[in-house]
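Subject: Model for your files

Hello,

Here is the structure I said I would pass on. Notes on the sheet and the helix contacts follow below it.

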Amino acid sequence: IIIPVYNCEQYLEQCLKSVLSQTLRELEVLCVDDGSTDGSVKVIKEFMFSDKRIILLQQENQGPGPARNLGLKKAQGDYIAFLDGDDYYQDQDALMSMYHACETKKAMACMSLKWCANGKLMDTEPFLQGTDGKEVFEYLDYQMDYAFTCYLFSRKLIMENKLEFPSYQRFEDPPFLVKALYHAKRIAKADTCLYYYRMPVARERFSERKTMDLLQGLMENLCFAKKNKLDILFKNTMRRLEYEYADIIYHHDSSYEN
């Protein structure tokens with residue numbers, strides 16, 4: 001489990017407890033401190049004292065993408081999942097269910113069919129049109145680009161395809177997810193709720209620099225979709241560009257100031 005950590009002291013205890021309480025016990029929990037200035041490192045060290053599965057890695061502040069990449073370089077497990085330090089895992093048997101699905105279905109990735117966002121239970125099924133109730137499917141069937149934290153990935157998949165996160169300050173995870181699932185070939189489902197996401201107000205998370213990174217991430221996915229004839233991904237990314245993020249892009253585009 002790779003957890004980038006940056007100034008999330010108030011949430012970190014709940015985050016780590018949710019990982020350590022998973023029924024899948026054979027875990028390596030890589031906490032990558034990205035230059036925190038609060039007490040986050042102290043919290044991690046306190047947990048390390050009582051549970052040897054927790055490993056602390058530290059780097060100067062570079063953003064969540066490079067932090068996750070450092071975790072990928074150090075990871076030793078057969079499977080990898082990602083968790084942010086201000087979120088937590090919901091169902092205690094979620095990782096076990098997803099691991100079991102990968103092993104029994106010979107899949108390179110598994111998705112959790114449910115997740116929570118600010119207390120609201122979200123269902124992935126509406127986004128899976130084209131999978132026709134299949135237990136295992138391919139990325140071409142649905143071409144999702146969001147919710148990378150709701151997946152369990154084979155480390156072999158990531159290493160063999162040399163996958164890593166771009167260094168964008170925003171929208172760094174969709175390009176990673178798209179490439180990982182495209183190369184996975186076989187993707188399984190698990191009827192469980194893995195992730196609890198504390199969803200912030202989107203506009204408050206963006207600056208001019210982060211908006212430029214958002215645009216780069218969107219363009220990266222558009223180019224990948226066009227190159228690999230992923231029509232659904234292309235259409236969804238254009239919708240995000242034209243509608244979902246239009247207000248943020250307009251607000252932070254300095255060319256509109258005059």
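Which residue in β3 does Val-29 stand opposite? Val-29 stands opposite Ile-54.

Before the rest, two remarks on the source. This is a predicted model, in which local features need pLDDT of at least 70 and side-chain atom pairs count only at pLDDT 80 or more, while totals for chains, interfaces and linings use all residues. Residues are numbered from 1 along each chain as its sequence is written, and side-chain values use heavy atoms, with hydrogens and water left out.

The sheet

Helices (H or I, at least four residues) and strands (E, at least two) are DSSP runs, numbered from the N terminus. An open sheet is formed by 3 strands in the order β1-β2-β3, with parallel pairing; two strands pair if DSSP finds at least two bridges between them. Strand β2 (residues 29-34) is joined to β3 by 6 bridges. The edges are taken by β1 (2-5) and β3 (54-59), each with a single partner strand, so one side of each has no neighbour in the sheet. From one strand to the next, the twist averages 20°. Angles run from 0 to 180 degrees between N-to-C directions, and axes are lines fitted to C-alpha atoms, for helices over the stretch in contact. Helix α2 lies across β1, β2 and β3 and runs at about 155° to β3.

Helices α1 and α2

The axes of α1 (residues 9-20) and α2 (residues 40-50) come within 9 Å and cross at roughly 25°. That makes the two helices roughly parallel (under 35 degrees; over 145 counts as roughly antiparallel, 65 to 115 as roughly perpendicular and the rest as oblique). Their crossing is right-handed (the near helix is turned clockwise from the far one by less than a right angle; anticlockwise is left-handed). On the α1 side the contact (heavy atoms within 4.5 Å) is made by Glu-9, Leu-12, Glu-13, Leu-16, Lys-17 and Leu-20. From α2 come Ser-40, Val-43, Ile-44 and Phe-47. By class there are 6 nonpolar, 1 polar and 3 charged residues (Ala, Val, Leu, Ile, Met, Phe, Trp, Tyr, Cys and Pro are nonpolar, Asp, Glu, Lys and Arg charged, and the others, Gly among them, polar).

Helices α7 and α8

The axes of α7 (residues 208-227) and α8 (residues 231-244) come within 9 Å and cross at roughly 160°. The pair is therefore roughly antiparallel, and the crossing is left-handed. Residues in this contact include Leu-215 and Leu-218 of α7 and Leu-233 and Phe-234 of α8. The contact has 8 nonpolar, 2 polar and 2 charged residues.

Regards
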